Amino acid sequence: MSNVKSIPEIEAEIVDEFSLFDSWDDKYEYIIDLGKKLQPLDEAYKKDEYKVKGCQSTVWLAADYKDGKVTYKAESDAIIVKGLISMLIRVLSDHTPDEILATDMDFINKIGMTSHLAQTRSNGLRAMVKQMKHYALAYKSLKFDV
Amino acid sequence: MITAVETNTVLDIAAIRNDFPILNRKVKGHPLVYLDNAATSQKPQVVIDALVGYYTELNANVHRGIHTLAEEATAAFEATRDALQQFINARHREEIIYTKGTTEGINLVAYTWGRSNLNEGDEVIISGMEHHSNIVPWQIVCEERKAVLKVIPVTEAGELDMEAFYQLLSEKTKIVSIVHVSNALGTINPVKEIIDAAHQKGAVVLVDGAQSSLHLDIDVQELDCDFFALSAHKMLGPTGAGALYGKKQLLEAMPVFNGGGEMIKEVRFEKTTYNELPYKFEAGTPNIADFVAFKPAIEYINTLGKKNMRVHEDALLRYATGKIKEIDGIRIIGEAKQKASVLSFVIDGVHPQDVGILLDNKGIAVRTGHHCAEPLMNRFCIPGTIRASFAVYNTMEEIDQLAAGLKKAISLLK
């Protein structure tokens with residue numbers, strides 16, 4: 001399955017969707033809903049090698065590389081983080097390493113969720129974004145090796 | 001059904017709230033409900049004024065200068081030591097060592113007393129409800145000195161298993177380092193009993209008073225503890241200032257901690273001699289402004305009276321406990337008979353972090369997570385708790401808001 005939309009296009013879509021919400025309550029309700037709908041990660045991935053540990057919540061992240069594109073799957077024990085993961089996967093998954101490495105995830109600021117990536121929040125999410133880019137970087141070097 | 005209970009305190013809580021300017025601010029469009037007092041307390045205007053006043057009128061380095069500013073700054077800086085001596089009823093003012101806070105106080109004892117008194121096979125007793133800052137320094141020094149760390153288990157109710165403590169205690173025990181009030185559970189530990197028992201075996205006792213200093217009367221002579229560590233920021237004062245009390249004969253015998261200015265008597269390349277107490281432990285230019293501003297915090301507490309504060313805080317805790325228990329799926333962690341100002345709980349099927357985020361969205365500040373007490377969380381087989389912790393300026397209405405916020409959060413998350 002090929003992703004026809006570019007990363008900036010998907011980011012813009014999400015920003016548009018969030019502009020419809022008047023209140024923080026609605027935003028969180030939507031994110032929680034995304035979290036509930038996120039496809040559960042196979043138990044085989046819930047191992048230390050896939051763990052991105054935060055201070056409070058834990059994220060498990062796995063990546064795959066096929067036909068020049070990276071796909072991600074992930075889960076968390078906290079539901080709001082799960083909702084945010086769902087958005088990150090929607091934005092980044094099924095793109096080339098170069099596209100993934102070029103993005104600064106500015107949509108997170110634009111939808112008012114910056115604090116979830118802030119150092120103070122110390123959850124797995126910040127570490128997860130870093131790990132997603134690490135995978136992209138690793139696959140990029142792999143590309144040149146092959 | 002719990003109905004709003006009146007607190008029997010003689011204090012005018014509304015007037016007290018006016019002394020804390022931060023309580024007027026809004027968070028996410030809601031009036032701030034600050035229930036994270038065990039992490040740090042808010043500061044009254046007198047403390048803020050003293051900080052600004054110090055830099056506006058007094059700033060000079062202490063103890064050395066002969067000019068007027070240096071004299072005035074030194075007098076203000078040292079006046080806090082007298083206030084602290086009275087606050088914990090120490091016999092001598094030089095028994096009060098200025099530190100950065102409780103963590104540094106415990107580290108000071110571990111590194112100086114520990115290194116010079118612990119030997120292979122000696123035992124150090126801590127408990128299963130310690131903050132990491134009363135675990136890690138002892139692990140470091142025990143490893144270095146080949147001493148053995150023993151841990152008093154915690155019961156299901158969140159109390160120390162005192163029977164187990166008496167079994168652990170022996171002639172091999174050299175120090176017992178114990179928390180007075182648990183930051184994660186609120187349990188008030190029987191420190192007097194522990195101190196007396198430890199002394200009978202020839203061991204010394206350090207009391208971690210980070211949480212107790214604001215809520216309980218502290219009399220180090222009556223307790224007969226050998227060390228007592230506290231932090232200003234948990235008692236309405238500034239961050240980065242704290243104190244270690246130690247019995248004079250122990251402090252005098254201890255080697256120095258940090259080397260530098262202030263802590264020396266004479267420096268020669270052949271041999272340096274050290275200053276007297278308390279300065280031998282206070283190397284370098286201290287955190288002058290924050291120590292100056294610590295005094296009005298102590299005076300503020302004294303003026304309100306800890307007993308009066310406790311009446312109100314206990315009423316808040318009782319009311320909150322009742323309100324929280326009414327909510328389906330909530331389990332309180334730590335139901336000790338003696339508790340102070342902390343209510344920790346978990347919700348079935350809900351991650352504490354999600355609750356913390358949604359409460360913050362309503363302007364309610366609580367702490368979620370392991371509260372720097374991971375072994376304690378493992379004891380209860382939970383990743384963490386949601387913790388509401390109270391101070392004198394909190395109100396019954398704020399607890400109603402907490403309960404309403406929790407119900408809303410649970411309905412969204414489940």
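Start your tour where the chains meet: select twelve residues of chain A and twelve residues of chain B, which make up the contact between them. Two residues are in contact here if their C-beta atoms, placed from the backbone, lie within 7 Å. This is a predicted model, in which local features need pLDDT of at least 70 and side-chain atom pairs count only at pLDDT 80 or more, while totals for chains, interfaces and linings use all residues. Residues are numbered from 1 along each chain as its sequence is written, and chains are lettered from A and ligands numbered from 1 in the order in which they are written.

Stay on the chain A side of that contact. Colour α2 (24-37) and α3 (79-92) of chain A, the elements giving two or more residues to the side that touches chain B. The largest share, four residues, comes from α2(A). Helices (H or I, at least four residues) and strands (E, at least two) are DSSP runs, numbered from the N terminus.

You will find six helices and three strands, following the pattern α-α-β-β-β-α-α-α-α along the sequence. Of its 146 residues, 35% are buried, meaning that 20 or more other C-beta atoms lie within 10 Å of the residue's own, with C-beta atoms placed from the backbone.

Next, select the strands of chain A. They form an open sheet in the order β1-β2-β3, with antiparallel pairing; strands pair if DSSP finds at least two bridges between them. Look at the edges: β1 (51-53) and β3 (69-76) of chain A each have a single partner strand, so one side of each is left without a neighbour in the sheet. Between β2 (residues 58-66) and β3 of chain A there are eight bridges in the antiparallel sense. Zoom in on Leu61(A), which stands opposite Ala74(A) in β3(A).

Bring back α3(A), and you will see this helix packing on the sheet, where α3(A) touches β2 and β3 of chain A and its direction makes about 175 degrees with that of β3(A). For such angles, axes are lines fitted to C-alpha atoms, for helices over the stretch in contact, and angles run from 0 to 180 degrees between N-to-C directions.

Finish in chain B. Where they touch, 22 residues of domain 1 of chain B are in contact with 20 residues of domain 2 of chain B.

Methods
A residue is buried if 20 or more other C-beta atoms lie within 10 Å of its own, exposed if 12 or fewer, and partly exposed in between; C-beta atoms are placed from the backbone.
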